Amino acid sequence: MHTSQLPSYISSENLGPWHIFLEQIEQVAPLLDKRLWPWVETLRRPKRSLIVDIPIRLDNGEIAHFEGYRVHHNTSRGPGKGGVRFHQDVTLSEVMALAGWMTIKNAVVNVPFGGAKGGIRVDPRDLSLAELERVTRRYASEISMMIGPDKDIPAPDMNTNAMVMAWMMDTYSMVQGRTVTGVVTGKPLALGGSLGRADATGRGVFVTARQAARKLNLPIAGARVIVQGFGNVGEASARLFAAAGAKVIAIQDVSGTVVNAAGLDVSAIKQHLSDTGSLRGAPDCELIAADDFWTIPCEFLVPAALESQINRHNAQKIAARIIVEGANGPTTPEADAILGERGIVVVPDVLANAGGVTVSYFEWVQDFSSFFWSEEEINQRLEKIMADAFEAIWALADKHRLPLRTAAFVIGCDRVLQARALRGLYP
Ligand code: NAD
């Protein structure tokens, strides 16, 4: 590349997940077709990033300000697509990385989207439902110039759900003066949501885990599974593993870590969590220290919470055969190297958790055509896309002796950069 000035965020000391994304691009770049090399720099720079101020009136009459973000990492293959996260630690760097992973992920499962992501730096537990609605609506209004059914389509992520998507869809529709259901996915069914969307990410995690297990001749029935994060992704993954006869022996969330070597009752734990808001005191299980979660011997480890949970501090101690990344960016590059040396198979996020965006794609298509599919149809199409993507990545990894993450990035980057090269530069 000609030495144009580096963007400010690349010289910062604390780069966070964006730095990890850049390292992943660094690793894969030499493996790409040489004709694509001049375009790799596009992946190192988000196409556009917006920081917005979100002032709201609290229930007590005071005014509070929150910081929100929306990033389009790359739109070479289509409109931006990616979730919205509400979390007290959200930063621009994190949203940039999450948008970058969406670019790769959407290309890996070959849905016609670019990569985008959004977030608000807020702890939703501190807000009443009415305050949460005001934050969401003001955020949707502030980013309305960036989103739209053919521009960028947000979806749920950590601490956001179908209700938040309904508020976003309504706010955007009010700004437009007409009802636009296709502006977000992960909506309630009554507003053009899709059957199967709520479980889609967990289902994709389960399908890719099953495909990986087949390669290792590892039966799912009786396999021990541990899951970090018991929200949209973690709960559905745990439930689907249990339904297939696996034993979910440990679950960790922000409130605690529960174990039972004979297998936890996933639905009883879900009920306890919805009744009490905590895993503590859940039936038929023991509470252990958070750090001890990582050393539990198991066949499958599903991280389904935050980034960088598997790192140089615990990678050496992990006693799983297969890690299936429900979360985005749960494994640092250092940990990846350690796990690779130890022969632990990592099914990477850009493949393993792509079930959510795949069914979001189905939802978007259904909204455009105003014709809705059955749940069976959705699940069958999802399974085929996930299994085919897994096979392609496994075959490439096997052929060139690559980790699955590298193979997935080769396939994803190749699709994105081919589109980029074909489009050329404007003006
Ligand atoms: P969620 O808000 O529904 O659940 C998050 C879970 O993580 C909760 O159980 C929470 O208690 C737990 N958690 C938070 N901080 C934790 C900590 N420090 N230690 C242990 N547990 C902690 O969120 P979600 O939608 O299930 O998303 C989880 C992950 O999956 C995120 O990385 C997200 O980007 C990724 N993901 C989500 C989707 C989707 O469709 N929702 C799709 C692809 C990827």
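**View 1. D157 and K117 pair up through their side chains.** In this predicted model, the side chains of D157 and K117 meet in a salt bridge, at 3.1 Å from N to O. The two partners come from distant parts of the chain, 40 residues apart. D157 sits in the loop between β5 and α5, while K117 belongs to strand β4 (residues 114-121). Both D157 and K117 are buried.

**View 2. A network takes in R85, E94, K117, D157 and E307.**

**View 3. R70 meets D152 in a salt bridge.** Their side chains come to 2.7 Å, N to O. R70 lies in strand β2 (residues 63-74) and D152 in strand β5 (residues 152-156), so this pair ties together parts that are 82 residues apart in sequence. R70 is buried, with a relative accessible area of 0%. D152 is buried too, at 0% relative accessibility.

**View 4. K270 forms a salt bridge with E235.** The closest N and O atoms of this pair are 3.9 Å apart. Take a look at the helices: K270 is in α8 (residues 266-276) and E235 is in α7 (residues 232-243), which puts the partners 35 residues apart. K270 is partly exposed, with a relative accessible area of 41%, whereas E235 counts as buried at 8%.

**View 5. Stepping back to the whole structure.** A search of the whole structure turns up 28 salt bridges, including the one between R70 and D152.

Note on methods. Residues numbered from 1 in each chain as written. Predicted model: local features only at pLDDT ≥ 70, side-chain atom pairs only at ≥ 80, totals over all residues. Heavy atoms only, no water. Salt bridge = Lys/Arg side-chain N within 4 Å of Asp/Glu carboxyl O. Helix = DSSP H or I, 4+ residues; strand = E, 2+ residues; numbered from the N terminus. Buried < 20%, exposed > 50% of the residue type's maximum accessible area, 1.4 Å probe, protein only.
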